[in-house]
Amino acid sequence: MKNYYIDVGSSTVKTYCEEKGKLDLIDEKSILFKNGFTPELGVDDENVQLMLRHLLSLDIPPAKTFATGIWREIPAAQAEYLDSVFAPMGFNIISHEQEAEYLKRAADLDFGGKKVMIINMGGKTTEIVSRKGDTAEIKTIKVGVADLLNAFPEQNEEISAAKLEDMEKFVDEKLADEVFDTDYDFAILTGELRFQKLTDYPHSKNKSFKDANHPVQQSLSDFIRGTEHIFYELTYTQLRELMPKNPNWMSGARAGAVLPLAVFRRANIDCIVPSDLNLINGVI
């Protein structure tokens with residue numbers, strides 16, 4: 001039996017199919033739901049209808065939907081409307097705490113007693129789970145990919161006109177009041193494995209833990225080298241061509257590399273495991 005799930009964030013709609021415990025991303029669509037948002041009316045109706053038309057075109061059975069990011073701020077009337085449209089499964093708007101809990105479940109793997117930082121980036125916030133054995137601590141930091149996109153729009157010129165070090169400094173200043181442990185064995189960067197493979201980030205065999213879904217790892221210097229590649233060697237057009245079905249996803253690619261880099265430095269992390277784990281893995 002196949003089950004379908006939809007993950008709606010501040011800028012992306014992802015549709016998954018699960019069968020016998022195996023989760024596959026079958027479609028994704030980038031829509032900037034923050035554009036035109038107002039506290040009184042919520043997400044602009046044109047963007048809502050664009051989402052609904054796109055999901056209808058997929059011709060899938062009713063799917064359980066989980067919404068995060070900007071959707072947490074919509075007024076009750078819009079939430080009720082969406083809940084009715086997505087009936088019988090509903091349009092489930094989950095809190096930061098629920099999102100982090102699902103992430104914690106998604107990463108409930110055997111790390112051999114090692115201490116692990118798990119990073120899940122969003123448009124407005126970033127969830128961080130610290131795990132060792134059966135103990136897990138969750139924190140939300142108030143900086144996301146959208147903050148970098150708004151502050152440095154020139155990053156998406158053909159070759160980034162925004163300097164990597166200036167963007168990293170911007171994130172680091174946002175993290176000024178955050179305290180990070182510095183004794184992690186490695187970090188898992190969720191939602192980035194596919195992207196890193198597309199853009200040829202340097203990798204080596206994952207020796208940190210055994211899991212078929214996490215075949216590779218990289219050093220911090222590898223991560224920096226790959227990030228410099230997407231900033232100063234690959235053009236924005238080339239990045240978009242790597243994802244022809246949803247090229248707009250690449251609008252956040254450069255920002256999405258800088259944000260974790262600042263966290264890695266603050267937490268003294270030198271081993272990174274790129275991952276495609278996501279909220280829906282935790283739901284399942």
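This is a predicted model: local features need pLDDT of at least 70, side-chain atom pairs count only at pLDDT 80 or more; totals for chains, interfaces and linings use all residues.
The largest cavity has a volume of about 30 Å³. Rolling a probe the size of a water molecule over the atoms shows where empty space is left.

Which residues line the largest cavity? They are Leu 189, Glu 192, Phe 195, Gln 196, Tyr 201, Phe 223, Gly 256 and Ala 257. By class, this lining splits into 5 nonpolar, 2 polar and 1 charged. Two helices each supply at least two of the lining residues: H6, covering 193-198, and H9, covering 253-266.

## Strand S12 and its partners

Leu 189 stands opposite Pro 274 in S12. Here strand S9 (residues 186-189) runs parallel to S12, and 3 bridges join the two. S12 has another partner in S11. That pair is antiparallel, with 2 bridges. Ser 219 of S11 (residues 216-219) has Cys 271 as its bridge partner in S12.

Are the faces of S12 covered or open? Both faces are covered. Cys 271 and Val 273 are buried on one side. Ile 272 and Pro 274 are buried on the other.

## Cysteines

How many disulfides does the model have? The count comes to 0. A disulfide is a covalent bond between the sulfur atoms of two cysteines. To be counted here, two cysteine sulfur atoms must lie within 2.5 Å.

Cys 17 has a relative accessible area of 11%, so it is buried. Cys 271 counts as buried because its relative accessible area is 14%. The cut-off for buried is under 20%.

Strand S7 (residues 126-132) is mostly covered, with 6 of its 7 residues buried. S7 pairs with two strands described here. Strand S6 (residues 115-121) runs antiparallel to S7 over 7 bridges. Within this pairing, Ile 119 has Ile 128 in S7 as its bridge partner. S6 and S7 form a hairpin, with 4 residues between them.

On to the next strand. S8 (residues 135-141) is also antiparallel to S7, and 7 bridges join them. Thr 126 has Ile 141 in S8 as its bridge partner. How many residues lie between the strands in the hairpin of S7 and S8? There are 2. In this hairpin, Gly 133 takes a positive phi near 60 degrees.

## Backbone exceptions

Most residues other than glycine have a negative phi, and most peptide bonds are trans. Asp 59 is not a glycine, yet its phi is positive, at about 55 degrees. Asp 59 sits in the loop between helix H1 (45-57) and strand S4 (64-67). Its relative accessibility is 69%, so Asp 59 counts as exposed. Asn 268 also has a positive phi, near 60 degrees, and is not a glycine. Asn 268 is found in the loop between H9 and strand S12 (271-274). Asn 268 is exposed because its relative accessible area is 54%. The cut-off for exposed is over 50%.

Where is the cis peptide bond of Pro 88? The bond runs from Ala 87 to Pro 88, with omega near 5 degrees. Pro 88 has its place in the loop between helix H2 (76-85) and strand S5 (91-93).

## The second largest pocket

The second largest pocket holds about 320 Å³ of space. Its lining counts 13 residues. Which of them lie nearest the centre? Leu 55, Leu 56, Ile 60, Val 85 and Phe 86 do.

H1 gives the largest share of this lining, with 3 residues. By class, the lining has 11 nonpolar, 1 polar and 1 charged residues.

Definitions and conventions
Residues are numbered from 1 along each chain as its sequence is written. Side-chain values use heavy atoms; hydrogens and water are left out. Buried means under 20% relative accessible area, exposed over 50%, partly exposed in between (1.4 Å probe, protein chains only). Two strands pair if DSSP finds at least two bridges between them. On a 1 Å grid over the protein atoms alone, a cavity is a set of points where a 1.4 Å probe fits but cannot get out, and a pocket is an open set with protein on both sides within 12 Å along at least five of seven lines; lining residues have an atom within 4 Å of a point. Grid points are joined across faces, edges and corners, and a volume is the space filled by probe spheres set on the points. Ala, Val, Leu, Ile, Met, Phe, Trp, Tyr, Cys and Pro count as nonpolar, Asp, Glu, Lys and Arg as charged, and the others, Gly among them, as polar.
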